[in-house]
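Dear colleague,

Please find below the structure that I am handing over to you. My findings follow directly after it.

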Amino acid sequence: MPLQIQLNTRPSVLPLYFRALTARKPGQLTGKREAVLATVSLQQQSIDSAHLRDYRAVCGFAATSAVPTTYPFALAMPLQLNLLVSKAFPFPVLGVVHVRNCIRQHRPLGEDEQLDIQCDLMAPVPVKRGYEFELVTRVHVAGELVWECASTLLSRVRQAETGTSGPRPRAQDASACKESGDIRSLKWELAADIGRRYARVSGDRNPIHLYASTARLFGFPRAIAHGMWLKAHCLASLEGAVAEASLPEAFEFHVEFKKPVLLPSPVTLQYHSLESGLRFNLMDGTGKRVHLNGRITCL
């Protein structure tokens, strides 16, 4: 039976980070592939208008009536961290890397709706560099599934199993779709404090995102941008730049994180239209290194 955690309020993030720093983990697999190791749920969660306003501002979204597609991830982040520090997750939390994120919005969320949020921790799968695992988050409103997200994370630990290993199956690559239109680009100058600003809103205060001094403790020369801030800012920029990004109610928003973005730094968002959506890449200032790539497609 998976571990079941029922919350009455969103948990405080700082105690969870303390547990992440101090918890001892066995480093061994538990459960079968595709099995749910643990579940955490929070019912009837309201959206705070001030928090939503701050999120829109730091990510670059316009003050529209619809809730940004990436916003429920920020609401669910403390629940996900609660799973990672629980006894069900066998690996140390520090050093876990977010490698892919796929959001499916079945319809836009309204700011006044009550959200039932559930996060599932899936059993790790051995891959070449360690173990991959998924955090699957679903948001229901009055019993209706309106939003879901699969976050694929990598734990770089020595594999304890032998035999064939490989990552979870990925969705079909959008490069197989017929392309139309020319590649266009938007240039960003990312400030040194964007990690701290996003941390205040999202609660994600991982030291690698805050200061150069704290990032160097984990092997980075400078602080790096949050992956989910980059994903949100890509969406906000595309919505504001091109008519093709006027999205339908139901769509999928997939991103693969390739290389971290050091702060501060210049980056370029390149994008082009597909038969059923958009494809985009976030490049470094030279245009030679890919930080992330992604696609937006209709469901």
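Leu21, Leu94, Leu217 and Phe218 make a nonpolar surface patch of about 410 Å². Patches consist of residues with over 30% relative accessible area and no salt bridge, nonpolar side chains (Val, Leu, Ile, Met, Phe, Trp, Tyr) being joined within 5 Å and like charges within 9 Å. Areas come from the Shrake-Rupley method with a 1.4 Å probe, and for residues only the protein chains shown count as cover. Phenylalanine 218 lies in the loop between helix H5 (212-216) and helix H6 (227-241); its relative accessible area of 36% makes it partly exposed (buried is under 20%, exposed over 50%, partly exposed in between).

This is a predicted model, in which local features need pLDDT of at least 70 and side-chain atom pairs count only at pLDDT 80 or more, while totals for chains, interfaces and linings use all residues. Residues are numbered from 1 along each chain as its sequence is written, and side-chain values use heavy atoms, with hydrogens and water left out.

Glutamate 148 belongs to strand E7 (residues 144-155). Glutamate 148 is buried but has no salt bridge, and the nearest side chain of opposite charge, arginine 138, is 4.0 Å away (a salt bridge is a side-chain nitrogen of Lys or Arg within 4 Å of a carboxyl oxygen of Asp or Glu). The side chains of glutamate 148 and histidine 106 are joined by a polar contact of 2.7 Å.

Serine 202 is situated in helix H4 (residues 194-202) and is buried, at 5% relative accessibility.

Yours sincerely

Definitions and conventions
Helix = DSSP H or I, 4+ residues; strand = E, 2+ residues; numbered from the N terminus. Buried < 20%, exposed > 50% of the residue type's maximum accessible area, 1.4 Å probe, protein only. Lys, Arg positive; Asp, Glu negative; His and termini not counted. Polar contact = N/O pair within 3.5 Å; in protein donor to acceptor, adjacent residues only side chain to side chain.
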